[in-house]
Structures are given as C-alpha cells and as structure tokens.
Amino acid sequence: MTYVPNNPTAAVFAFDNTYARELEGFYVPWKAAQAAQPRLVLLNRELAEELGLDADALDSEEGARIFVGNETPEGSLPLAQAYAGHQFGGFVPQLGDGRALLLGEVIDQKGRRRDIQLKGSGSTPFSRAGDGRAALGPVLREYLIGEAMHALGIPTTRALAAVVTGEPVYRETALPGAVLTRVAASHIRVGTFQFFAARGDQAKVRRLADYVIDRHYPELKGHADRYLRLLERVRDVQAALIAGWMHVGFIHGVMNTDNMAISGETIDYGPCAFMDHYDPATVFSSIDTLGRYAYANQPRIAQWNLARLAETLLPLIDADQNRAIARASEVVNAFPEQYGRQWLKGMRPKLGLASEEEADFNLATGFLNSMEGKKVDYTLAFRYLADAALGQEEPIRAQFADASAYDLWSGHWRARLSRESVAPLERAQAMRRVNPAFIPRNHRVEQALSAAVERGDYAPFRTLLNILSRPFDGQPEFADFGQPTPEGQERYQTF
Ligand code: AMP
Ligand code: MG
C-alpha cells in the first residue's frame, strides 16, 4: 500500500446524491463513528476504476479514513435509510440501516448510477439493540462471496474496500471490527416500500415508486400502468436472479423482504453458502431451523416476497381495491412461469444444448433427480458433463457411488445431443463457459477467513479471491480448490 502524502486532489468522488435530494423523509442524515486506528486491508482496484475513482489515491491512509467513515469525502451526504421487513415471515415495521451509511451515488464508466455505502460504521437511529458494528470475518465473507457471484455473472452488490477499525466488537467473544464499503445499483428493498405502506403513507409509497421507475426502470416513465409494470419488472429481475442462484447452487440463507433489492441484485451476504452435494433441502444458516430458506424453497420465497411488494403498491395500481388485487395477483401468480423460463434458459447451455425442445425441462430435472440422495457434488457434476460430451465419462460416473441412475439419464441426454449438429469440442468448450470449475467452497472460505482474522495473513484470502475471479477457467495449478469439502467436514453451519 502506498501512502500519497498531502495530495489535496487525491480521493475525488463525483457524488450526485439523488436519494438525499429527492427523498427527504426516507432517511436520517448521520455520521459514522470515529475509528481508533483504521487500516485498509482490501481495495477492489478494478471496481474503483469502473466507478471512475483513482485507485492509487484511495490505496492510502486517506482511503482508510474514508472507507472507515472518519473522513467524509467532499460531496458526500452520509445517511441511514429507513426500511421495514418481513423476517422469517414475521413483519417488523422498523428495521433500517442499523449499521450502514449511504455515502452517496456516483455515475460509473458505463453511465450507471451506483450507491457507495459503508457497512459496520457505527450505530444509527435504526440500530435498535445492535452496536452498529461489523466483525472482520463477516466483512471478508461478504467481500469474497459477492465478488465470486459477480465473476459467475450473477447480478450482485460488490465490495469496494475493507478496513479494520483497530477496535474490538463483542459477539460471543471479542473480534476485530471492520467496515465494508459496498457498491450497489441501489439499496432500495421490498422493505423500503413496506416501511411507508405500513404507516399508511401512500404519498411516500408513490414517491418511492416514481423514484425507482426513474432510477431503475425509466422505460416505464409516463406509462399509464406504470406501477403494475414496475411490479412486473421486479418480478422478472427477481425470477432471473433466483434462477442464477439455483444454477450455481447458491443459498442466500436469509431471504427476508428487507434483503430483496428492487434492482434485482443479490444483496446482504450473511449466512449464505454454496451447496456441495446436490440436495434440495440444503440449509447452512444456524438460525434457519425450519429450513424456510432452503435451496429448493428460494423461488417460492422470492414469489412470497414479491406478493409483499404487490401489497404496498395496490392503492397505486387501481383505485378500486378488488380490481387492484386482481391485477397485481395476475402479475405475482406468473412468477413461477417466469422463473421456470429463466431456469430452463440457463439450464440448456449447462447441459450443452444449443437448440430448444419441449422436453428439455424434463431432461434438466432428470439430471438433478439422478444426483439426489447420492452425495454427488453439484458443481463438479455439471463441470464433468463437458468431459462426458467429449466421450470421457469416467470423471462424472465416479461422482456416483452407483452410476446406474446417471447411465439411464445419459442415454436420453446423448439422444438429445445427437439431434444437434454441434461439434463435440465446441460443445464442451461452451459448457465450460457456463459450468464453473470454482465456487467458494465452504472449507476454503473458512481457511481464508481464519488466516486473515486470526493471524492477519491475507495471502490465502487473496489467492482464493483470484481463483474465484476466473471461475470458468480450469486453472489446473489450483485444481485442489475445485474439490469438494473433505469427508467429515460437510456439516457446515453459517451464523
Ligand atoms: P441483516 O440481518 O444484516 O439483514 O440486518 C437486519 C437488520 O438488523 C437491519 O436493519 C440491520 O441494519 C440491523 N443490524 C444487523 N446487525 C446490526 C448491528 N450489529 N447493529 C445494528 N443494527 C444491526
Ligand atoms: Mg439486511
């Protein structure tokens, strides 16, 4: 890390803060807590450049002060956003940014508006019983998994920086405190709508909906049915997002309505983790005792969350309540169909299919069914399918203790492939571009995090981050990182 001394133009952010300007009453202006000894431990230089920031200038003591909240960069109007949410099905009328501050918005190199937010920067009026802090382990986890998701091509918030505060946070034990700088298309959630709807403040729900249309779905501006269309857009981006999660075996773990972004990005990486062997009932989160947010439940939960958004929009959709309910229900009820379409759209290339046939849905579910109950690694099964397409069946067959279910299925699969005139090598290469060799394996994530947290050794974290930034490249020198959790360590729990 290079310190740029006394460079007055060092860290310049071209903030343009529409949320602060246009949505008064939707937030509380606030200041971060001062940290004793901030030290920048990670800076996402590629993302910094994408945001039009000077990575060299930020890779400095000044960068550490900014990303911990000690120094407010010019043009920033730090604020804590109000929101509510259904947590595990129960409504909490006031949540809000209890440990986060929006610094402001910038326009990135591609012209997209992005939020820059600190997470773990101290208590706010929304903190309730919380301390407003974040521990280093979860900050690094969010950094790593978010970046892995980005590299996998799944819409997500991203990590710009991680700073250790030099102060302890107290959980079950004392842990090093840290602040994550998060970048998002916006931090508007289903729960943001719920906050105002629950207070009967229809004017604010309308203002928020108009703001969201302006910012995320401008093609709807001036449309007579814009609020219904907004619900439809959110349905479609969520259907595509959840399909993306399912394709890579991602389990969010806490799909509360306050953790569902209106933009369609994955947000709030807490107890999330990737499934090892294929099992639809997989749950990693220790608090999800009923399996509400299990792998296979994610599409249903997204639809449930969408229905909660629909409820907040009813008065805007139609003055006649019955008619509003009928119209909104039609949109929400079409979620499974939208989701199914997105799922199959992603599954075809994973199976090496270039064309579309009616029975492809059954072929895709048939492959999953052949894995069920057999401890087959989900990621490797798809990765090795590319080898099978080249006639090398040993790797995939070896995944099955008893390969008879696979053999039965692969007969159908081969028959299907033979109806396409695609050269085997070309097909295998296309499959490897969509079936990752590397996902954040739970034991690798734990190793990387504990090296950093317990020993201040960030080398394993950086190695893993680098591997995961190219998940579709074979990277033979890191073959071990593609292997599943060793026997006996699979009963993984997240907190
Ligand atoms: P999460 O489970 O991270 O999605 O957070 C749910 C709610 O709890 C949000 O309103 C957070 O701001 C708040 N929260 C989580 N952790 C803390 C904390 N340590 N201090 C204050 N608020 C928190
Ligand atoms: Mg949250």
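A salt bridge is a side-chain nitrogen of Lys or Arg within 4 Å of a carboxyl oxygen of Asp or Glu. By this rule, 4 salt bridges are counted between domain 1 and domain 2. The legends below describe a predicted model, in which local features need pLDDT of at least 70, side-chain atom pairs count only at pLDDT 80 or more, and totals for chains, interfaces and linings use all residues. Residues are numbered from 1 along each chain as its sequence is written, chains are lettered from A and ligands numbered from 1 in the order in which they are written, and side-chain values use heavy atoms, with hydrogens and water left out.

**View 1. The two domains and their contact.** An automatic or database domain assignment gives domain 1 (18-187) and domain 2 (191-344). Their centres, taken over C-alpha atoms, are separated by 23 Å. Domain 1 brings 39 residues to the contact and domain 2 brings 40 residues, where contact means heavy atoms within 4.5 Å.

**View 2. The area buried between the domains.** Buried area is the accessible area (1.4 Å probe) that two parts lose on being put together, summed over both. Between domain 1 and domain 2 this area is about 3,300 Å², and carbon and sulfur atoms give 60% of it. Phe 26, His 86 and Phe 88 supply 21% of the area that domain 1 buries against domain 2, more than any other three residues.

**View 3. Polar links across the interface.** A polar contact is a pair of N or O atoms within 3.5 Å; within protein, one must be able to donate a hydrogen and the other to accept it, and residues adjacent in sequence count only if both atoms are side-chain atoms. Helix 5 gives the most to the side of domain 1 that touches domain 2, with 5 residues; helices (H or I, at least four residues) are DSSP runs, numbered from the N terminus.

**View 4. Arg 141 in helix 5.** Arg 141 is found in helix 5. Its side chain reaches the backbone oxygen of Gly 270 at 3.3 Å. Arg 141 also touches other residues, among them Cys 272, Glu 446 and Tyr 492.

**View 5. The magnesium ion.** Asn 259 (OD1) and Asp 268 (OD) coordinate the magnesium ion (ligand 2) at 1.8 to 2.1 Å. Donors are N, O and S atoms within 2.8 Å of the metal (3.2 Å for Na, K and Ca); water is not among the atoms, so sites may look incomplete.

Definitions and conventions
Helices (H or I, at least four residues) and strands (E, at least two) are DSSP runs, numbered from the N terminus. Lists of a residue's contacts leave out its neighbours within four places in sequence.
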